[in-house]
Amino acid sequence: MRLPMVAELNGESDLRHRIRDLRFFEESFRKNVQLTFPEGATRSKTDQARLRSSFLAWLESFQANRHLAGIDRKDFICFSAGTMLAELFRHDPLSVSSEAKSGDSATTVWPEGSAYVSYCLGVALTVLEQEFNLSAEIPEYANDPRIWQSFKENVQDNPDLAIPFLDMLLGQSPNWNEPAMAEKRPAVKEKSSPSLGN
Amino acid sequence: MMPKRQRFPIPPTADDIAAAPLVVKDALRGIRRKLRNISPEITESGLSGQNSSLLSPLAIATALFNETRKITSFGEDIARDILFRHRDEARLAAFGAAGFGRPRQKLSEGHRHNFVASRYAALKILARQLGADDQLILEQPIDTTYLRLLARFSDVSSASPSQNELNFDKIAISAIELEKSGAIQHPKSDHQTPHRAQLIFAALGLAETILNLSTIHTVESTLAALNLAADVIVLRKPSIAAIFDGFDPEAQLSAEFRLLAPPLTEA
């Protein structure tokens, strides 16, 4: 799948703080939409109130869970990107008039969904690179239309399932049962439970 | 026996004397609003085409009233748009600094005036933005609230451990006290939860917090903060309703400002 914003996001120093600024979030989200759907191929519209609602809901979740960043910072970055994706699905600010004719499989199956994923994945990958000098590879199945079809159906039932889906793309252990519970994430549970060996 | 001559009551304190012009201004606002809302029984259209010699004295008076009102409101609108815009902008420039969020060595009479005038100007903008442009906004209750806040914060500010930090609690308390003051009357017909005045004052506090976190203090940045705060508060309606109906609105509103203001502040 395409991640058109990564180069631009990489140019932002300290993205993990910048992304908590509403104006930056709005601007970079719109830019990602522009790059995902170049003019002529499709027409897209972003509802500002819905976009802001998704940001505010994400912010609330971020503040409520940020204490867990101390347990596993890398996992918390993935979780935060996942909750941002879940809120984008929940508020659904983007509408695309027609399916992209010459996009990748994700854009063809689900243009709005692929724009949300490419944005949040781009943010997560850039922050991971800036913070840990990590460059994660996107798995091959991210280009499989069946995966996108299944993802679409699942997220329409429960937007929080976007969190483990993004974990999979980032190579992080997912929690499919209670996706929005940060304390129940495998990485957090592993590091916060007392070691049995000692 | 001749009745005793009535004496005009002497205002008991200097604060009451200072507030007197605001009382007069508010009274005039109330009269102007009542005049706007009067709807004489005979409409202009009802008079058209009639011979003036057939009109009753009441119809003539009504026609005269309508014409006079049209001319005065037209003149008033022009005056407000052209002349008062600059005055309102000057008032707005003081909005961010005229609150209680940042500690101050000594609060002058100028601070009191700036607090009242800037909040009045800001409330007019927020009321318009939140679809309540016909709402009557009064200055004297803002002034009374200022004095109450001054008394309430006098012992707190000296005991505060972090002298230079922004005090979210004081901004939240100010917003809630202003809402209770009656500066914007809550119409009985407004059964929404939260009601519009609550949204307006929550937005006022949020805008003040944004400006206090920012280093840019211009009329433009104040207008931008007010507009953004109004937009965001509308999106947070359920939280605002829960805050005003909740157990400790002051603490909860303070937490809301702490959550929302930093991401809304221009870097």
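Modeller: The lining of the second largest pocket is made up of 11 nonpolar, two polar and four charged residues, where Ala, Val, Leu, Ile, Met, Phe, Trp, Tyr, Cys and Pro are counted as nonpolar, Asp, Glu, Lys and Arg as charged, and the others, Gly among them, as polar. The model is a predicted one, in which local features need pLDDT of at least 70 and side-chain atom pairs count only at pLDDT 80 or more, while totals for chains, interfaces and linings use all residues. Residues are numbered from 1 along each chain as its sequence is written, chains are lettered from A and ligands numbered from 1 in the order in which they are written, and side-chain values use heavy atoms, with hydrogens and water left out.

Of the 17 lining residues, A:Arg16, A:Arg20, A:Phe62, A:Phe76 and A:Ile77 lie nearest the centre of the pocket. A pocket here is an open set of points on a 1 Å grid over the protein atoms alone, where a 1.4 Å probe fits, with protein on both sides within 12 Å along at least five of seven lines, and a lining residue has an atom within 4 Å of a point. The space in this pocket comes to about 290 Å³, a volume being the space filled by probe spheres set on the points, which are joined across faces, edges and corners.

In chain A, helix H2 (15-18), helix H4 (48-65), helix H5 (73-91) and helix H7 (111-132) each contribute at least two residues to this lining, and H5(A) gives the most, with six residues; helices are DSSP runs (H or I, at least four residues), as strands are (E, at least two), numbered from the N terminus. Chain B, for its part, has 10 helices and zero strands, its elements running α-α-α-α-α-α-α-α-α-α from the N terminus on.
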